Amino acid sequence: MAATDRDSFTLVITGAPYASQAPQTALAFARAALEAGHRIDRVFLYGEGVHLASALSTPPSDETHWPREWASFLQAQEIPGIACIASALRRGLVDESEQRRYELSSHNLLSPFQIAGLGEWVEGRIKSTRTLYFHGGS
Amino acid sequence: MSTLIVIDQAPYGSWAGREALDMTFSLAAFDQEAALLFTGPGVNWLRKAQQASEIGQKTVEKNLAAAPVFGIEAIMADRSACARYGLSEASLIAGVALVDPGPDLYRQYDHTAFAG
């Protein structure tokens, strides 16, 4: 099906960086969509995808730093990037308020990513003309 | 706007199926039409009387039994996948409809999402 003149997208990333190609493919798609005049409403990290929002990722310097690539893209384009709270807490990704709530030793959410519930995905489903999923595969 | 969530991975090996269930319940919680389709190895989620506590996990039998209460419209299982995994109707948990997935089924939904 051809895209309409101006689509708005919610992108859901469920594959982790360095374990899957999902974050890289999603970023290439997002850049191409913007270039073609479409809009990205939000990016929702779910399941393993939440690892993309870790401020502690430290790949070797000759590898692409996907969390930073994504963070700077979101910042520059003013697109909300949201990590699902249930997925994030399970996998050790927390912001300051969750650190306080669970009395954890630190927080590690990379700005401008935010932590919120699945309602953000539901809203994206309703508001965007298209919702696309970038899975890690198994 | 209706959404079909497809779970095509066996239970317990990863969290993807469990998290796809959460997505379905979340849609229902926000009054969005949602249905579940289990296919491929995913049909094993629907086997009766699983003892997941043996591996420190929880079964989803209770969650799925509550699905209609939460407003999830249908729990469907791929008939041929059930046959492949030796699942007769009697060995499935209650409330599951056997279907033959294909264009006719998918066309009934505005949006289809697979477990990650």
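Predicted model: local features only at pLDDT ≥ 70, side-chain atom pairs only at ≥ 80, totals over all residues.
How many bridges join S2(A) to strand S3 (residues 81–84) of chain A, and in which sense do the two strands run? Three bridges join them, and the strands run parallel.

## Strands and crossovers of chain A

Strand S2 of chain A spans residues 39–45 and has five buried residues out of seven, so it is largely enclosed by the rest of the structure.

## Strands and first helix of chain B

In chain B, strand S2 (residues 33–38) is mostly covered, since five of its six residues are buried. S2(B) runs parallel to strand S1 (residues 2–7) of chain B, to which six bridges join it, and B:Ser2 stands opposite B:Glu33 in this pairing. S2(B) also pairs in the parallel sense with strand S3 (residues 74–78) of chain B, over four bridges, with B:Leu36 and B:Ile75 as bridge partners. The path from S1(B) through helix H1 (residues 16–29) of chain B to S2(B) makes a right-handed β-α-β unit.

| Strand pair | Bridges | Sense |
|---|---|---|
| S2(A) and S3(A) | three bridges | parallel |
| S1(B) and S2(B) | six bridges | parallel |
| S2(B) and S3(B) | four bridges | parallel |

The helix of the chain B unit, H1(B), has 14 residues and reaches 20 Å from its first C-alpha to its last, close to the 20 Å expected at 1.5 Å a residue. Ten of these 14 residues are buried, so H1(B) is largely enclosed by the rest of the structure; among the buried residues are B:Ala20, B:Leu21, B:Met23 and B:Leu27, and also B:Glu19, B:Thr24 and B:Ser26. After the helix comes B:Asp31, whose phi is positive, near 60°.

## The nonpolar core

The largest nonpolar core has 65 residues, and the members that touch the most others come from both chains: A:Leu11, A:Ile13, A:Leu45, A:Ala53 and A:Ala83, together with B:Ile5 and B:Leu36. H1(B) gives the most to this core, with six residues. In soluble globular proteins, nonpolar side chains tend to be buried together.

## The contact between the chains

Chain B brings 17 residues to the contact and chain A brings 18 residues. On the side of chain B that touches chain A, the elements that give two or more residues are H1 and strand S5 (111–114) of chain B, and the largest share, six residues, comes from H1(B). By class, this side of chain B has eight nonpolar, seven polar and two charged residues.

## Individual residues

B:Gly56, in the loop between S2 and helix H2 (61–65) of chain B, counts as exposed because it has 6 C-beta neighbours inside 10 Å. B:Gly56 and B:Tyr12 are 44 residues apart in sequence, and their C-alpha atoms are 10.0 Å apart in space.

A:Gln114 lies in strand S4 (residues 114–116) of chain A and is partly exposed, with 14 other C-beta atoms within 10 Å. Apart from residues up to four places away in sequence, A:Gln114 touches A:Pro80 and A:Ile82, while its C-alpha atom is separated by 7.8 Å from that of A:Asp95, 19 residues apart along the chain.

B:Phe70, in helix H3 (residues 67–70) of chain B, is partly exposed, with 14 other C-beta atoms within 10 Å. With residues up to four places away in sequence not counted, B:Phe70 touches B:Phe25 and B:Ala28, and B:Ala28 is itself one of the buried residues of H1(B). The C-alpha atoms of B:Phe70 and B:Phe114, 44 residues apart along the chain, are separated by 20 Å.

Notes:
Residues numbered from 1 in each chain as written. Chains lettered and ligands numbered in written order. Buried ≥ 20, exposed ≤ 12 C-beta atoms within 10 Å, placed from the backbone. Pairing = 2+ DSSP bridges. Right-handed = clockwise from strand over helix to strand, strands pointing away. Core = buried A, V, L, I, M, F, W, Y, C linked by C-beta atoms within 7 Å. Expected span 1.5 Å × (residues − 1). Contact = placed C-beta atoms within 7 Å. Nonpolar A, V, L, I, M, F, W, Y, C, P; charged D, E, K, R; others polar.
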